[in-house]
Amino acid sequence: MDDAIPIQKHVSRRPDGGSTSLFLVTAIALQTPEGRKLIPHPSGQEVASYATLEEAEQAISQAGFDAVLDGRRLSHARRAPAHVSRRGTNDPASAPFQALIELLLKALSDREAAVVSNAALALGELGEYADQAIISGLLSHLGDDDPGVRKAIAEALGKIGAPALAAMEDAYQQAARQRAEKNALHTRLTIVTAYLEMFHSHRELLFQIVPRLQTALVDDHWLIRSQAALAAGQAARLWQNGQLRKPSA
């Protein structure tokens with residue numbers, strides 16, 4: 001039962017003669033913007049307590065594990081943690097990777113550009129399974145002052161692919177409307193670079209990306225038009241080489 005978490009019932013006596021029950025499970029500690037949080041995990045070094053058995057079972061299920069009570073496994077429909085949507089319990093993003101992902105998201109706010117770049121690249125490795133919190137974290141650095149960070153963000157979004165497309169388009173349109181704002185140019189350029197990166201990992205997205213490139217090709221800044229033309233050339237090359245077929249209607 002190494003992939004399950006035992007629930008231990010602890011009963012304490014009250015001065016009035018009654019008793020209070022707590023349900024204890026092993027957990028890992030995580031620092032979040034809301035404070036310290038305990039996430040159930042079989043190899044955790046912390047103990048999380050719950051007032052009812054149902055609360056303990058739910059917390060374990062949300063962490064992606066089965067519960068064990070008195071040696072009996074309690075199998076439930078498992079719900080993936082916040083950053084593990086669409087994944088199974090044996091997936092790389094399952095606990096304890098949940099804590100790692102939270103720390104990587106926090107690292108995106110580091111003052112050292114190298115830390116931000118590497119955190120972005122690590123989050124990009126989640127590919128199509130990245131959730132909205134990860135995508136939003138990456139998008140918040142589209143216009144970063146450091147070109148190395150922007151390149152890492154583009155690579156990460158390129159690996160994530162389809163789940164990020166809608167948010168990227170929204171960010172592009174907003175930056176286009178607010179082009180006088182600081183770093184609006186960097187934001188648009190990073191997005192177009194991310195489209196180019198997607199051709200390496202997600203060639204099947206070509207027909208979703210091409211209309212977006214058409215918008216970038218008429219941008220009022222030559223850097224955006226230049227990068228869009230480069231991406232358009234890559235798209236044409238893939239098409240002419242027969243590496244992609246137009247999807248049927």
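Helix 3 and helix 5 run roughly parallel to each other, with axes that come within 8 Å and cross at roughly 5°. That's one of the packing features in this predicted model, whose protein chain comes to nine helices and six strands. Of its 249 residues, 45% count as buried. Take the contacts between residues at least 6 apart in sequence, and 53% of them join residues at least 24 apart.

**Helix 3 against helix 5**

- Helix 3 spans residues 113–124 and helix 5 spans residues 147–160.
- On the helix 3 side, the contact is made by Ala113, Val116, Ser117, Ala120, Leu121 and Gly124.
- Helix 5 brings Gly148, Val149, Ala152, Ile153, Glu155, Ala156, Lys159 and Ile160 to that contact.
- Sorted by class, you get nine nonpolar, three polar and two charged residues in the contact of helix 3 with helix 5.

**Helix 6 against helix 7**

- Here the axes of helix 6 (residues 162–177) and helix 7 (residues 184–201) come within 8 Å and cross at roughly 150°.
- An angle over 145 degrees counts as roughly antiparallel, so that's how helix 6 sits relative to helix 7.
- The crossing of this pair, helix 6 and helix 7, is left-handed.
- Helix 6 makes the contact through Leu165, Met168, Glu169, Ala171, Tyr172, Ala175 and Ala176.
- Helix 7 answers with Ala184, Thr187, Arg188, Ile191, Val192, Ala194, Tyr195 and Met198.
- The class tally for helix 6 with helix 7 is 12 nonpolar, one polar and two charged residues.
- In the loop between helix 6 and helix 7 you'll find Asn183, which has a positive phi of about 70° although it is not a glycine.
- For context, most residues other than glycine have a negative phi.
- Asn183 is partly exposed, with a relative accessible area of 22%.

**Salt bridges**

- The count comes to nine salt bridges.
- As background, side chains of opposite charge can pair when their charged atoms come close.
- Glu197 forms one with Lys151, and the closest N and O atoms are 3.1 Å apart.
- Glu197 lies in helix 7 and Lys151 in helix 5, so this pair ties together parts that are 46 residues apart in sequence.
- Glu197 is buried at a relative accessible area of 18%, while Lys151 is partly exposed at 38%.
- Glu169 pairs up with Arg212 in a salt bridge whose closest N and O atoms are 3.0 Å apart.
- Because Glu169 lies in helix 6 and Arg212 in helix 8 (residues 206–216), the pair ties together parts that are 43 residues apart in sequence.
- Glu169 counts as partly exposed at 31% relative accessibility, and Arg212 counts as buried at 17%.
- Asp16 forms a salt bridge with Arg14, with the closest N and O atoms 3.3 Å apart.
- With 59% relative accessibility, Asp16 counts as exposed, whereas Arg14, at 38%, counts as partly exposed.

**Arg188 and its network**

- Arg179, Arg188, Asp219 and Asp220 are linked in a network of salt bridges.
- At 2% relative accessibility, Arg188 counts as buried.
- Leaving aside neighbours within four places in sequence, Arg188 is in contact with Tyr172, Ala175, Ala176, Arg179, Asp219, Asp220, His221 and Ile224.

**Phe199**

- Phe199 lies in helix 7 and counts as buried at 1% relative accessibility.
- Setting aside neighbours within four places in sequence, Phe199 is in contact with Leu206, Ile209, Leu213, Ala231, Gln234, Ala235 and Leu238.
- Phe199 and Gly158 are 41 residues apart in sequence, and C-alpha to C-alpha they are 7.8 Å apart in space.

Definitions and conventions. Residues numbered from 1 in each chain as written. Predicted model: local features only at pLDDT ≥ 70, side-chain atom pairs only at ≥ 80, totals over all residues. Heavy atoms only, no water. Axes fitted to C-alpha atoms, helices over the stretch in contact; angles between N-to-C directions. Helix = DSSP H or I, 4+ residues; strand = E, 2+ residues; numbered from the N terminus. Parallel < 35°, antiparallel > 145°, perpendicular 65-115°, else oblique. Left-handed = near helix turned anticlockwise from the far one by under 90°. Contact = heavy atoms within 4.5 Å. Nonpolar A, V, L, I, M, F, W, Y, C, P; charged D, E, K, R; others polar. Salt bridge = Lys/Arg side-chain N within 4 Å of Asp/Glu carboxyl O. Buried < 20%, exposed > 50% of the residue type's maximum accessible area, 1.4 Å probe, protein only.
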